[in-house]
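Q: Hi, could you walk me through a structure? I'd like to ask things as they come to mind.
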Amino acid sequence: MNPIYSRRRRWDVIIRGLCIAAAAFGVTWLALILITLLYNGLAGLNLQVFTADTPPPGSTEGGLRNAIVGSLIMTVIGVGIGAPLGLFAGTYLAEYGRNDKLTSVIRFINDILLSAPSIIIGLFIYGAVVVPMRGFSAIAGSLALAVIVIPVVVRTTEDMLLLVPNPLREAASALGLPRSLVIKRIAYRAARSGLITGVLLATARVAGETAPLLFTALSNQFFSLGLDKTMANLPVTINNFVQSPYAYWKQLAWSGALLITLTVLALNIGARILGAERTAK
Amino acid sequence: MAVQSDVIDDAGPYDRAKALGAFKLGDVTFYWITRLSAISVLLILGGIIISLIVGAFPAIKEYGLSFLWTQRWAPSADPPVLGALGPMYGTLVTSFIAMLIAIPVGLGIAIFLTELCPQWLRRPIGMAIELLAGIPSIIYGMWGFFVLGPFLANTFQPFMIKVFDGVPVLGAIFAGPPSYLSLFNAALILAIMVLPFITSISVDVFKTVPPVLKEAAYGVGCTTWEVVRSVVIPYTRVGIIGGVMLALGRALGETMAVTFIIGNSFRISSSIFAPGTTISAAIASEFAESDGLHQSGLILLGLLLFVLTFFVLAAARLMLMRLETKAGK
């Protein structure tokens, strides 16, 4: 065979091999992480984790109840503030300001906020909320999460509303429906599963967010529901327990990490199933 | 019948005006709610910039530009001496090594997924990678701290140190002793973390190549590698660079994956197996217990990080937008 052909074929085989190796390399790392997480997390997962509060140093009795409840509260408030704002903002970008100069500026800034380091959001909320309120608080933590939720929801809302076919809107307008009702009754309804997907994805994004909570909500060892004080939460509790010298704390950190990961994966899968239903139609 | 039409005549015009008024009010209200929400995105960015500058102001006044090239970080000295050189060096070095590992591997996986992989495997692998991009970064950090750090310190690091012992330059880069906490460990965790980002963006970008172009290349007898090298990559170059910059933006600002494993040392060492720190790790580990000038210095570090990532991310978005307009044609 002509040497040029064999050389070309050899290169092709080498590169193909490298690509397969890269895929195997990537998948292996990620599988390793999940396996260790499952192995260590399941070992310590029992009812006590959900019913008892975080233990004092050195104790081997205790769970994560206060941290789980705190995380739920802050995530719900964060999404509760961020999701409507994001939905409305996305609506403006897709419905009112489609060809606006303002829209392209906002879209650009939003895309940057989408990947901005979350620790910067923590610093922002520290300066804007914690300092004026003279203390760390659960509400500051929730606001930090809301700031992270907004760009995610804006992005998905805009994308989903842009997918709604224009003839639907035109038909509604032709029947005499005012603009706001065209959006609320027609566009929202047509894009509903997409909009829910966006909110689920945003919830998944903030469920494990740690950096912005480190110095906004802080964390504590008690069960507390007061929004104006520090509140225990899973990510920061894990952060503190990982670096502790106590074996039981480390065990709890693994269990907490497993809980967070399962929640995030469940939200992501839920979002994807909803999204897939939409494209299947 | 007359009665009925009377009712309509009486009620009709009145109701109509009222209903139209209500519609109009609802319309205007809804418009302004959405518009103000959209503007709030700009306000958030403005708020971030203003609060960082206000917070960093005492440190800016105290240290000025020398903050950028001072290596010493002694917040408890009197007066405190603060310099950003150590964290900036750590941030850039860890991100650089992470990208060095993640770019070839990420592109390799993307090529595998778009060109080589059997159809039935594409969805599961693609979905697994997307899901893994969603795992919170603290999980990566924890795993790095408990599993990867000890593993590297016991196997990979001694090996590299022995191999490069006595070699100029490389010997200094891979100098001992092995450590659980080092710049290299942090960089490897970062690489694993940004891998899914690079892969999923590259896959999306590769899909924009018109099939006709690839088919034509295969048709004249190109091998898979030649198609990728001469058709797919040139066509998508801008998009790939955009995706890489996006991943770089993530890597520069990543906090929790790095904090546990980097060692929090502000000293700059030539070896990548020595402990170091990054801007985000320094903020995460010191901010809650800081006050006064120390805190202001940390906020100034945050401001530097924000400016850096802002430009990287802005460049990334501009490039991806250019590709989108190209694909839209």
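Predicted model: local features only at pLDDT ≥ 70, side-chain atom pairs only at ≥ 80, totals over all residues.
Q: What share of the 329 residues in chain B is buried?
A: Buried residues make up 50% of chain B, where buried means under 20% relative accessible area, exposed means over 50%, and partly exposed lies in between (1.4 Å probe, protein chains only). Residues are numbered from 1 along each chain as its sequence is written, chains are lettered from A and ligands numbered from 1 in the order written, and side-chain values use heavy atoms, with hydrogens and water left out.

Q: Okay, and what ipTM and pTM does the predictor give the complex?
A: The ipTM is 0.89 and the pTM is 0.89. Chain B averages a pLDDT of 87, and 95% of its residues score at least 70; pLDDT is the predictor's confidence in each residue, from 0 to 100.

Q: How many helices and strands does chain B have?
A: Chain B has 11 helices and 0 strands. Here helices (H or I, at least four residues) and strands (E, at least two) are DSSP runs, numbered from the N terminus.
A: As for how spread out it is, chain B has a radius of gyration of 28 Å, well over the 20 Å that the globule rule gives for 329 residues, so chain B is more spread out than a compact globule. That radius is taken over C-alpha atoms, and the rule is 2.2 Å times the number of residues to the power 0.38.

Q: What box do the C-alpha atoms of chain B fill?
A: Roughly 110 × 70 × 35 Å, taken along the principal axes.

Q: Now chain A. How many helices and strands are there?
A: Chain A has 11 helices and 0 strands. Its radius of gyration is 24 Å, while a compact globule of 281 residues would have one near 19 Å. The C-alpha atoms of chain A fill a box of roughly 75 × 70 × 35 Å along the principal axes, and 53% of the residues in chain A are buried.

Q: Charges next. How many positive and negative side chains does chain A have?
A: Chain A has 23 positive and 12 negative side chains, and the centres of the two sets lie 7 Å apart. Chain B has 19 positive and 18 negative charges, with mean positions 10 Å apart. Lys and Arg count as positive and Asp and Glu as negative, leaving out His and the chain ends; each charge is placed at NZ of Lys, CZ of Arg, CG of Asp or CD of Glu.

Q: What does Ser115(A) touch, not counting residues up to four places away in sequence?
A: Ser115(A) touches Leu246(B), Arg250(B), Leu313(B) and Arg317(B), with contact meaning heavy atoms within 4.5 Å. Ser115(A) lies in helix H4 (residues 101-115) of chain A and counts as buried at 5% relative accessibility.

Q: And Thr224(B), buried or exposed?
A: Thr224(B) is buried, with a relative accessible area of 9%. It lies in helix H8 (residues 224-253) of chain B. Leaving out residues up to four places away in sequence, Thr224(B) touches Asp12(A), Arg16(A), Glu115(B), Leu116(B) and Tyr218(B).

Q: Why is helix H10 of chain B largely enclosed by the rest of the structure?
A: Because 7 of the 8 residues of H10(B) (residues 279-286) are buried. Among them are Ile279(B), Ile283(B) and Glu286(B).

Q: Where is Asn264(B)?
A: Asn264(B) is in the loop between helix H9 (256-262) and H10 of chain B. Asn264(B) is not a glycine, yet has a positive phi of about 50°. With a relative accessible area of 29%, Asn264(B) is partly exposed.
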